[in-house]
Every structure is written in C-alpha cells, then in structure tokens.
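Hi everyone, thanks for coming. Please have a look at the structure with me for a few minutes.

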Amino acid sequence: MKTIFNTAKGSLKGARRAQMLVGRVACWSLVLFAFLCVTSCSDFLNQDSERVIIADHNHLTNAEDTLYSVVGIVNKMQTLADRTILFGEMRGDLVDINNHTSADLRDVALFNVGDSNVYNAPRDYYAVINNCNYFIANADTAMKNNRNEYIFQKEYAVVKAYRAWTYLQLALNYGSVPFVTEPILSKEQADKTYERLDIQGICNYFINDLKGLETIEHPGYGTIRNTDTRFFYFPIYLLLGDMNLWTGNYREAAVNYYRYLSTRNGTNVPYALSTSSISWYAGDTHWTMSRNEWSQFFGMTSETYARDGELITMIPGDSIPSEGNYSQLRNLFNSTTANEYQVSVVPSQAIQDLSQAQTYCHLTTGGDILYAPKTLPDNTAGDLRLSGVWWKSTVDNVYTGAKTNTQYIDKFQSRNVHIYRRTMVYLRLAEALNRAGFPRFAMAILKTGVNDEVLATDVLPYYPADASWLSQFKFPTNQYILRTDAQLSTENTMGIHSHGSGWSEHNQYYVMPDDSTLNDADRLQYQITGVEDMIMDEEGLELAFEGQRFYDLMRVALRRNDPAYLADKVYARRGTDHVAEMKALIKKDLYQTANWYMTLK
C-alpha cells in the first residue's frame, strides 16, 4: 500500500503538518465571486498536488473550509481526466494508433501497460479518494447556519459522489482494488493491508452509501472564466444508475436514470432528447448537401449551462500547458502546432465500417421516403455522425516542408474533459430497460423517441403484468413533443438513431428484432439480445471517442458471460480482414477476462 498512498502521504509527516489549508478567504461569501471573475481556472485550482487539502483544525466547520476542500478534490481529479477518456477508448474498437503514437499510449491500446507507464498511476485515484475520505470523516454535518440550514450538506453529497465515481474508475481499470473509506494520515496507516473489492463489490457498497443523497442541491460556486461550475458535479442519480447497471439491478438502474432526466430541470420542465442531427437536406436527392446541428453538442457553446443543454458533467482543465493539469486530448486527437500536425489517435476501420453499415432513411420535401446509397464517398454512406465530427485535410507542414495529412475531431475542442451528457443517459436508460425485460421501451428510445403517447401505444400493451411498474415513467406528451413530418418549432424529441441516420421512425430496415416462431420466453430473450446489440451499435455511433466504448463492451460481455463479445470486437479494430494482425500486436488473450485489467502497481 506504500506506493498507492504515496501522494497523500508525502506531505503528511505528523498530524500537525497534515492539518493545513492552502490559503484563506476572509468573508468568503463576498470575496469568492469577485475572485472567480478575475482568475483563471488553473489559478483557482492551483493546489499542491502532493497535499491533502484539509483544514487547520480537527473538523471542517465553516464555508471557507468547504470551498477549499471541494476545490482541492476537483484539482486532484484533473489528473484523472485524460486517462478517463484514454483508458475507455484506446482499448476498445473505435480508435487506432499510428506511427506518431507514444510508446505509453501504444501500450494502453495494446493491453501492455507496465508499472513504468505514465498513465498507470493508481495513486492519483487514491489521492482523490483520500481527500474525499478526510472530508467525509471531518465535516461537521450537524452544524447549521443562522438560517437553520446545514452548512456542509451540499458539499458532503458532492464529495461522496466524487469518491464513488473515482472508485468505479479504479475497479473498471484495475479489477480488484484496495478499498479504504478512512483517511490515510500516517505511514502506519498507509502500510496496512486493506480489503480488496471488485466492480461488483464497489458498486454494491456505493449503492448503499449514496442512498438518501440523490435530491440534495449542488453548491453554487459561480463561473470561472466562462466555465460554469455546475458542470463540475456528478449527479447521484446517474451514479446510482451506473452502479446498478453494472451489478445487474436493471429496474433500479432504469428508475435512477429516469429520475435524473425527470428532475434535472425541476419536476415540470422536460429534459428532452433534442431533435439536433446531422442530415441530408430534405430538398437534396443527390447526396451533396448536409446540415450538421448534432456536432454543436461538443463545441465551446456546449459548456453554457441551459435547461436543454447536452453537457452534464465535466472535469475542468488548466488553460496553460505548463500548469501541470492541462488536458492533452486536443493534441492527441487533433492536428495542432503542439504536435506539428501529427495526431496520435485516429478513428479505426471498425467505426468506419459501423457507420457505413447503417441505412440512412431520407424524407424529401415532397414527403417521399428514400434510402441513401451505400456507395457514397468519404464516410458519408450510412450514418453521418462520424463525418460530422471527423475532419481531414492536407496542409503544408511548416516544420517539415512536406504535405501533411491533418485531422480534427470536434469532440475535443475544449480544455475541459466531458464525462456525462444527456444522450448517454438516454442510451443507458434504454440499456437498463431492455435488460429489465422491456425491449420495446428501449427500442422506442432508439427509433422514435418517447412520450406518454408512445408508451401507451407501443410499450404498455406488450407488458400488461408490469403496467404498475411502468406507470412511473412519465414523459408528458405536451412537454416531450415528437418530431413530425411537418417539423414544427415546438418539437424536441426524436429517436437517438436519427441523430445521424435520417428519419429512423420511417426506416423499414431499422426495426424491432423479433421471431414469432419462438415461445414467449425465448421470444422475449431474442428481442432483448437483438435490441442490446442495436444499443451497443448506437453507443458506438453516438459516443465514439468519448471514453465509453471499452467499458460498454466489457459490461455486455460480463453480462452475457461471453468474453468473446469484447475480444472479437477489439481484435477487429482494423476490420475483419485484419484480426490476425491485431491478435499479433495485442498478444494478450482477450478471451481471458483477467487480461482486460491493468496491474495495480
């Protein structure tokens, strides 16, 4: 345990030195907001990474302690931001390496991460956890202000959410991990042997730990250089949804995802899926003119908080590379002067094949239904989302004097690292509902979008025995307004597949998997498996490059007790004709689940 807790332990030689606060804000409620207006994100989060940010007395008892403790934890989470995306994406099937990929990142992609790999630093996760543990152990949660309000209630819930998310990341990447819920403040504590928990154990613990905190309001720390701090938090309903999804509690997962969606903007304001898409112009039947509204989900304006905004949670990054917590994702995925226009991560053949395999359904201005040809060039055949965020060109390289192929992926424009977004939640809701035994509900989320009318006609009649349970899912039809052929300005809901594949509600090739020759039980299982495959394809099309793919494949493979589900897709990263090549490069036998995890040094 010595190495893992080294970050926290390094400056904790004795209790007196451990109890420190980096800076003071006198009369914080008046000074804080002026402070935020004139400082950069890196200035605000400039805490010594070798320290546990805690108070200078035995308990955290005032707002000043609260501010610096939470900010200190956010600062430490910055060190996890890039690898959260890279661990989840490089080991999947949707990206590939090239000749410019660093040795450390190449080893991540090839499942060959050693102790010296720069990305393999589990102590960074434990630095976050140790800060959280200290806060949870020492915050005076019974203390109230002169308005009889609990001072630490909001931050207490936020810090518990940070700890739960961080432990889940550890378990996803390292398998079984030491589990510690008390702050490590001495060498003796650091050297102890602690219980180890795997993904199931981690999730089961935090499902109980987070209960009762779901509806506590997040603290408001204002805006830092146009970055709204409301994006810094992990909604507990979403964490509970994820934890239950991983443990197979599908009904509980679905309820938690739904509760987030139905309360995010208050109880009477919808958080609808949006009708933004990338599509061929209705008047274009020659497939030459497209309109891209979908990629606005990832631009700089996506970090403006709004009731219909896509972004939910992000980890803020520094604005200056020398600050130490500057995200390098932009320089890995995009051609920039910092990398001399040479990217390190490229879309794989697998994501190109997945995109081109989709059938684009086109609704013309005359109301006719057409299907786009499969032979269109430049990743415009099939689903358009890949072409909507992946831009390629050739430039004169000022460094080499030669022509250089450049790449830009719109999902990496910001210094901040995006973690949760709205469509991701709807996809996980569909995944949970499908596995809970309601594939038609899940299919509606993909194909048409949902409101109460859709549920009444396309879902409830098929599950009469579960009508009472399903009745809690309410999407008022006057608030969740489905897209129609008339395309009215009030419409705000459509199927996720329509984000890039046209009018999926009219698509005769995008339909519910079914086999009426089977008995009822086998038929339901056939539908569940088929819809799950469609959800996984949709998650690939929608969430490519966002750090989710490997974990999505892992979750389904474990659920099905079928390691080949993950292994075969990863080995086919460069296309089905190059499986042997990928097996030779990876070397690890991915049909053995133990080889999915890194070694906890």
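What we have here is a predicted model, where local features need pLDDT of at least 70 and side-chain atom pairs count only at pLDDT 80 or more, while totals for chains, interfaces and linings use all residues. Residues are numbered from 1 along each chain as its sequence is written, and side-chain values use heavy atoms, with hydrogens and water left out.

Let's start with the core. In soluble globular proteins, nonpolar side chains tend to be buried together. A nonpolar core here is a set of buried Ala, Val, Leu, Ile, Met, Phe, Trp, Tyr and Cys residues joined through side-chain atoms within 4.5 Å, and buried means under 20% relative accessible area, using a 1.4 Å probe and protein chains only. The largest one has 166 residues, and F441 is among those with the most contacts inside it. Helix α8, residues 153–174, gives the most to this core: 14 residues. Helices are DSSP runs of H or I, at least four residues, numbered from the N terminus.

What does F441 touch? Leaving out residues up to four places away in sequence, its partners include L433, V450 and F473, where contact means heavy atoms within 4.5 Å.

Now find K160, which sits in helix α8. K160 counts as buried because its relative accessibility is 9%. Beyond four places in sequence, K160 touches I136, D209, L210 and L213.

Last stop: α22, residues 549–560. Ten of its twelve residues are buried, including F550, D552 and R559. After α22 comes N561, with a positive phi near 55°.

How values were computed: Helix = DSSP H or I, 4+ residues; strand = E, 2+ residues; numbered from the N terminus. Expected span 1.5 Å × (residues − 1). Buried < 20%, exposed > 50% of the residue type's maximum accessible area, 1.4 Å probe, protein only.
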